[in-house]
Amino acid sequence: MADALRLTGVRAGYGATVVLEDITLSLAERGSLAVLGRNGVGKTTLLATIMGHTSFHAGSIEYRGAEIRHVPVYERSRLGVGYVPQGRDIFPSLSLEENLLVAARPGRWTLERVYELLPRLAQRRRQMGNQLSGGEQQMLAIGRALMGNPSLVLLDEPLEGLAPLIVDALLKTLDRLIREDALTVMLVEQSAKLALEVTAQVVVLNRGRIMHHGPSAELLADPQRLTSLVVAS
Amino acid sequence: MKVARILTVVVALFSVVLFTGHSVSAQTVKVGFISTYSGAGAPQGDQLDKGFKLFMKLNGDKLPPGVKVETIVRDDTGPNPETAKRIAQELIVRDKVQFITGVLWTPNAAAIAPLTAEAKMPFISANAAGVAIPYASPYFARVSFTLWQACYPLGQWSAKKFKRVYTAVSDFAPGHEAEEAFTKAFKEGGGEIVGAVRIPLANPDFVPYMQRVKDAKPDAVFSFIPAGKQATAIMKAYGDLGLDKAGIKFIGPGDLTTDDELQGMGDVALGVITAHHYSAAGDRPANKAFVAAYKKEYGEKLFPGFFVVGAYDAMELVFHVIRELKGKIDPDRAMEVIKQYKNPSSPRGPIAIDPETRDIVQNEYLREVRRVGGVLANVEIETLATALKDPWKQLHPKK
Amino acid sequence: MTHTALETRALCKSFGALTVADQIDFRLETGIRHALIGPNGAGKTTFVNMLTGRLAPSSGQVLLGGGDVTRLSQEARVKRGLGRTFQINTLFRGMTVLDNVALGVAERQRVGGRPWRPASAYAHVRDEAVDLLRTFGLETDARRRVVDLPYGKQRLVEIAIALGLQPTVLLLDEPAAGVPSLESGRILDALAQLPAHIAIMIIEHDMDLVFRFAQRITVLVQGQVLREGPPAEIADDPRVHQAYLGERRG
Amino acid sequence: MDALLSSLVSIAFHGVAYGMVLYVISVGLSVTMGLMGFVNLAHGVFAMAGGYILTSSLGRFALPFPVAVGLAFLLVAIGSMALERGLYRHFYGAGELEQVLFTIGLIFMAVAIAQLVFGTLQQPVALPPWLKGQFPLLGRDFPAYRVFLIVVSGAMIAALWFGVERTLWGAMVRAAVDNRAMAQSIGINTRQLFALTFALGSGLAGLGGALGAEIIAVQPTYPFEHLIYFLTVVSVGGLGSLRGPFVAALFIGVSDTACKYWLPQFGAFFIYAATIAILLWRPTGLFGTRV
Amino acid sequence: MSETGYAASPRIRWTEWLPWLAGVAVFFLLPEYLLFGARILTYILFALSLDLIVGYAGIVTLGHSAFFGAGAYVAGILAAKVKLTDPIVLLVAATVAAGVLGVTTGAVILRTRGLTQLMLTLAIAALCLEVANKATPITGGADGLSGVTIAPIFGLFRFDLFGKTAYLLCLVTLLAGWWLVRRLIYSPFGATLTGIRENSDRMHAIGAPVYRRLLAVYTISAMIAGVAGALSTETNQFVGLNVLGFEPSGELLVMLILGGVGRLYGAFVGPVVFLIAQDALAKQFPQFWYLGIGLMLVLVVLFARGGLLGLADALAARVRRSV
């Protein structure tokens with residue numbers, strides 16, 4: 001079976017600026033990968049590159065066995081790549097429900113199911129995007145990604161700035177998605193431990209390169225190594 | 001430094017373009033024809049051009065043996081005196097023409113006139129009607145008309161028909177002249193002007209002004225608006241607002257209902273009363289032949305308006321001078337010929353040049369828009385004045 | 001006795017209901033290398049923009065060399081000795097490397113607005129710019145246009161421009177961002193050579209660089225100062241770890 | 001008192017009719033400039049094209065009025081799409097100056113082509129009998145065509161607003177205006193969406209030019225002469241907004257009419273002064289969020 | 001491309017004298033074309049003033065004719081109504097008036113950017129046009145301002161029908177304008193203008209008073225445009241409303257773009273080529289002229305963004321490479 005995602009020797013950045021260098025990684029179908037590293041090491045750029053938002057300099061990105069480096073962003077989305085960007089990027093002049101509907105693509109995920117999963121959204125369906133709280137926006141961003149019925153979801157700090165209660169709810173959701181829904185997930189998260197708890201694999205980036213690639217559990221069990229990789233020595 | 005090479009090339013080009021020559025035989029008379037081919041005034045300029053071309057086609061060869069006429073056409077781009085003056089200057093200095101004619105717009109002619117005085121250049125206005133232009137140059141003559149010629153008799157006539165009249169004219173010199181001429185005659189005849197508005201020249205929508213007229217409930221509205229889309233637009237506004245139904249008569253000089261624009265105005269124009277020197281519907285034989293020739297040349301559905309006649313008659317006068325002088329043009333002798341000019345069979349009827357003022361002497365007709373044979377026409381219902389000299393110059397003789 | 005080069009007092013900034021800077025008290029001592037770190041969205045950029053005058057604070061004060069500059073324009077602050085580099089290259093891309101630096105030098109020497117004598121007649125401006133380029137090993141690139149330069153060198157030009165202003169306080173916003181690792185050594189060398197008397201605040205994600213370079217570190221989290229101290233203390237602070245590793249509180 | 005009231009009614013009526021036409025023409029410009037950040041000075045060309053299509057369908061081909069209006073919309077939309085594919089898209093990333101020059105070039109060409117094809121005369125609008133004459137309302141006579149114009153434009157505007165505010169397509173357009181990259185990330189083909197929106201906006205301009213041919217005369221220099229009005233509507237209203245240009249268009253329509261009625265000696269002075277004042281007060285326009 | 005900046009030599013290269021040689025040659029060789037020549041020279045000066053703000057400072061304007069018109073009207077009104085007819089005095093008066101207009105409108109429009117700025121330039125020019133249109137007693141309104149008589153220069157050189165005096169006056173004034181602009185763009189001030197065009201954020205960050213510099217250059221440009229306007233009045237002894245219209249602004253932009261923006265001599269090449277082409281083509285095919293300009297403009301913007309000079313540079317570079 002082909003991997004859900006395979007990056008080989010990827011060099012990418014913004015314009016002439018190179019942020020990622022020689023990134024090679026693969027992610028199996030129904031797999032989950034945490035992307036860790038300090039700020040500014042290229043985690044967000046990595047997800048953005050998979051989505052197609054950066055300048056691609058070299059290497060290849062295969063999605064389910066097909067090269068997609070020249071595929072436009074919207075086609076990648078239609079092929080089944082879902083994206084929860086770092087700033088959430090809710091459309092402010094759309095209502096909550098419209099935010100979901102514009103992303104809808106046929107499949108198991110429907111408006112009803114998203115509302116069932118995230119009941120808070122159902123209550124606020126008529127609110128405009130810019131009237132939502134941070135937590136609601138975050139849930140909406142996840143819901144919006146699901147509406148596209150993706151097979152691979154790229155989550156960029158989905159828990160950032162959320163109240164602990166909401167974090168718990170979202171984590172449960174995430175967990176459920178990974179285990180029950182046959183989704184492949186790539187998760188960028190500041191909270192390394194959280195990320196490691198819910199994922200199977202992990203990569204740690206530094207200065208745009210992969211420093212570490214292995215099972216999440218292993219790294220979680222070695223706090224010293226984790227600290228040295230993620231904070232500093 | 002590549003600039004060097006480029007500049008050399010540019011200079012070379014410059015010289016080539018400028019040097020390409022004007023080798024003209026002694027017997028060739030050069031006539032500069034200025035009209036408007038681009039910009040907002042192009043429709044009227046096109047009419048002028050059609051008259052000019054029609055004359056050249058029909059009569060371009062009626063010259064003494066050995067004499068040839070070369071015409072140089074220039075575009076003044078609209079009511080654009082600066083450009084007009086510049087191209088007139090170029091015609092004189094560079095092209096060395098011996099006549100200047102054409103010129104649609106009064107401001108343009110007013111700008112050119114002083115130049116012709118300095119250069120001793122016979123300048124025959126085919127249209128520009130500004131009443132005072134002849135005073136600006138002794139080499140200026142006019143075969144078109146003045147607004148006083150149309151509006152003064154119209155004012156006299158109106159005073160017998162209406163009590164209260166509203167005037168609405170374009171805010172530039174011809175509009176002011178029309179307003180003044182009409183008002184003077186109308187008041188002398190005992191009428192009352194209940195309101196007067198001057199409408200900006202560049203104006204897309206006349207409805208607000210006409211609404212104001214309607215709200216004042218006069219017996220008639222007198223209007224001078226430059227012929228063309230503006231006149232059509234004000235006619236539309238008149239109809240749309242129902243001024244006709246409110247019993248307000250629409251009157252003015254013939255610019256309002258030029259023969260070429262008339263079909264575009266539609267039925268609202270029916271019943272509009274104008275005073276003018278030319279109508280395509282005039283039943284003089286010379287006119288019938290003229291209209292037929294025009295239609296043959298430009299299409300059955302088109303009618304020649306006063307612009308066409310103006311240009312046609314201007315060229316007729318130029319050719320008359322050339323024939324009289326056997327192709328050897330001397331400005332002062334040319335002006336002598338012009339001052340004595342008489343043409344009994346212009347399409348508009350008999351015309352002549354007033355030797356005193358070098359302005360046109362012609363008949364003025366009262367016309368009403370009627371439907372004739374399925375098309376709208378300015379039917380001449382009355383001759384208001386025969387062999388009329390410009391009334392303004394009678395009132396303001398040159399000291 | 002140390003002298004405070006740059007200071008903020010209770011600096012706040014809110015956009016509507018969102019508070020991005022919350023009572024920030026910050027001191028930058030003369031001649032000190034001071035790093036500002038913090039997770040994404042901590043408010044570092046907002047803070048820097050308030051320091052430089054691109055953004056007006058909602059409340060609080062900014063002091064430069066002891067004087068209140070809260071209400072002063074960017075230009076006025078630069079004249080009082082505040083220089084900065086940008087996170088993303090902000091260069092005069094179509095101009096030569098020399099002119100990029102000379103423009104700044106000319107402003108500092110108060111000749112930038114002289115309209116009559118040719119620029120090349122101001123030899124002292126050009127010489128100073130050339131000297132600066134030499135310190136960064138860019139002298140051979142002086143006549144090249146910035147856009148034709150590799151990215152690493154462009155970052156150096158960025159720093160050279162700021163130094164040309166002879167600042168007393170220099171804000172370096174991620175000086176090594178986006179530079180391929182092969183070229184980043186050069187940037188580090190350049191930073192190491194910066195004149196000692198300048199107070200430098202560096203905003204940087206690269207902890208290697210921060211710990212190698214900084215004498216003091218301020219950690220900014222959610223618009224507030226979480227911790228301030230020498231690198232050793234910061235590295236061991238559990239709260240900092242938590243902020244970075246995301247151990248769940250409680 | 002009565003006279004004042006009557007003049008107020010006149011001004012409001014004519015001003016609204018004029019404003020509605022301005023809005024239908026300009027709204028597409030607001031959307032394309034807001035959506036694509038394209039300074040399209042040639043927008044008036046589409047309005048003029050619509051006007052010509054209407055006048056020739058009515059005059060030369062004697063088509064029924066509604067068909068002529070429909071054609072004006074459709075043909076202009078199709079034509080603009082071809083232009084967008086062929087020329088406009090080369091300038092999406094270009095600077096403002098290039099866009100300005102390119103579109104001025106288009107205007108020059110359009111003016112010349114219109115002159116060659118249709119001649120320089122103003123095109124007459126052969127209205128069907130049911131749109132001529134007056135329409136009695138509340139004891140006053142109003143020109144029937146302008147009543148029709150207000151009703152039809154009102155309906156168009158309502159449909160447009162419904163389309164943008166209430167349909168999925170509208171939500172997609174708004175999403176693309178809000179955040180183009182994110183819109184792509186959820187599978188919206190923004191380029192195609194832009195092309196369609198551009199076509200729709202131009203089509204509306206064509207429609208406005210057709211409906212408004214009675215008020216804004218159709219002749220070759222149209223795109224030059226009315227450019228400043230279209231731009232004023234958009235910049236005063238605010239880019240990318242639907243409501244803003246509507247308010248601005250009505251404001252211009254009514255105040256222009258009022259000036260002509262009461263203060264003809266001041267001409268358009270007031271409009272320009274007001275435009276400058278509003279832009280200084282709110283550089284992004286009344287309802288805009290960006291420049 | 002004329003290279004400026006701190007490393008550029010400000011020496012006038014011999015090639016830079018060629019335009020002046022050509023200008024003098026025309027005077028002697030083509031006496032019939034001097035009026036036309038005066039017009040070209042006026043437009044070169046006008047284009048030069050526009051290049052200063054569009055090409056060097058990067059301000060896009062659709063209303064530059066406001067300053068040309070202001071200069072033209074002030075000179076015209078002084079001559080026709082106040083009977084102040086000395087041509088040199090009129091030039092100075094026009095400069096001052098256009099400068100005042102430039103500094104006041106610049107103070108307003110330079111605070112804005114993008115479409116708003118573009119719109120403001122257009123609206124201000126439209127406003128000036130409307131004022132000139134409505135102030136009929138002073139400006140002549142739509143009929144234009146006639147009755148302008150200009151005294152001989154220094155009481156010696158009469159403005160003649162052939163335009164000899166006008167041509168020389170334009171040539172000398174242009175030389176002065178060129179000298180001024182050239183000094184400006186080679187100076188540190190000129191370098192900062194380029195800097196502002198390239199990156200105004202960075203200019204703020206290096207402590208440059210961006211707004212003041214822009215206002216200064218805008219005012220200078222307005223003054224030069226005003227001089228060009230006054231020259232046009234003196235040459236034509238007439239001022240028409242159209243000097244303030246949108247079309248002269250548009251056409252001027254076309255000329256500048258055609259020659260090449262931001263390269264000093266683009267402002268020379270553009271008007272020469274444009275006006276000669278206009279003179280030749282508009283005479284032959286008046287109706288096609290607009291089509292030609294439009295097409296030319298689209299092609300230049302599509303394929304030759306550096307204008308004719310840019311194209312020539314690229315060609316020269318290719319030739320050099322192939323040799």
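**Entry 1. Chain B, burial and fold**

I looked up burial in chain B of this predicted model and found that buried residues make up 66% of its 399 residues. I took buried as under 20% relative accessible area, exposed as over 50%, and partly exposed as in between (1.4 Å probe, protein chains only). I then listed the secondary structure of chain B, which comes to 14 helices and 14 strands. Here helices (H or I, at least four residues) and strands (E, at least two) are DSSP runs, numbered from the N terminus.

I next compared size with length: the radius of gyration of chain B is 22 Å, close to the 21 Å from the globule rule for 399 residues, so chain B is as compact as a globular protein of that length. The radius is taken over C-alpha atoms, and the globule rule is 2.2 Å times the number of residues to the power 0.38. Along the principal axes, the C-alpha atoms of chain B fill a box of roughly 70 × 60 × 50 Å.

I also looked up contacts within chain B, contact meaning heavy atoms within 4.5 Å. Of those between residues at least 6 apart in sequence, 68% join residues at least 24 apart.

**Entry 2. Conventions**

I noted that residues are numbered from 1 along each chain as its sequence is written, and that chains are lettered from A and ligands numbered from 1 in the order in which they are written. For this predicted model, local features need pLDDT of at least 70 and side-chain atom pairs count only at pLDDT 80 or more, while totals for chains, interfaces and linings use all residues; side-chain values use heavy atoms, with hydrogens and water left out.

**Entry 3. Chain D against chain E**

I counted 44 residues from chain D and 37 residues from chain E in the contact. The area buried between chain D and chain E is about 3,600 Å², and carbon and sulfur atoms give 87% of it. Buried area is the accessible area (1.4 Å probe) that two parts lose on being put together, summed over both.

I searched for salt bridges, each a side-chain nitrogen of Lys or Arg within 4 Å of a carboxyl oxygen of Asp or Glu, and the count between chain D and chain E is zero. I searched for polar contacts as well: pairs of N or O atoms within 3.5 Å, where within protein one must be able to donate a hydrogen and the other to accept it, and residues adjacent in sequence count only if both atoms are side-chain atoms.

On the side of chain D that touches chain E, helix 4 (96-118), helix 10 (227-237) and helix 12 (269-281) of chain D each supply at least two residues. Helix 4 of chain D gives the most, with 16 residues. I sorted this side of chain D by class and found 34 nonpolar, eight polar and two charged residues. Ala, Val, Leu, Ile, Met, Phe, Trp, Tyr, Cys and Pro count as nonpolar, Asp, Glu, Lys and Arg as charged, and the others, Gly among them, as polar.

**Entry 4. Chain E against chain C**

I found 31 residues from chain E and 38 residues from chain C in the contact. Together, chain E and chain C bury about 2,900 Å², 60% of it on carbon and sulfur atoms. E:Y6, E:R202 and E:I206 supply 29% of the area that chain E buries against chain C, more than any other three residues.

The rule finds three salt bridges across the interface of chain E and chain C. I examined the one in which the side chains of E:D201 and C:R54 meet (2.9 Å, N to O). The count of residue pairs in polar contact between chain E and chain C is 18 (both at pLDDT 80 or more).

The elements giving two or more residues to the side of chain E that touches chain C are helix 7 (164-186), helix 8 (188-198) and helix 9 (200-205) of chain E. Helix 8 of chain E gives the most, with seven residues. By class, this side of chain E has 16 nonpolar, nine polar and six charged residues.

**Entry 5. Chain pairs without contact**

I found no contact joining chain A and chain B, whose closest C-alpha atoms lie 32 Å apart. No contact joins chain C and chain D either, their closest C-alpha atoms lying 15 Å apart.

**Entry 6. Single residues**

I checked B:T77, which has a positive phi near 60° although it is a residue other than glycine. B:T77 lies in the loop between strand 2 (68-75) and helix 3 (81-93) of chain B, and is partly exposed, with a relative accessible area of 32%.

I checked D:A62, also not a glycine, and its phi is positive at about 55°. D:A62 lies in the loop between helix 2 (43-59) and helix 3 (65-86) of chain D, and is exposed at a relative accessible area of 60%.

A:N206 counts as buried at 12% relative accessibility. Not counting residues up to four places away in sequence, A:N206 touches A:R38, A:V41, A:M211 and C:D208.
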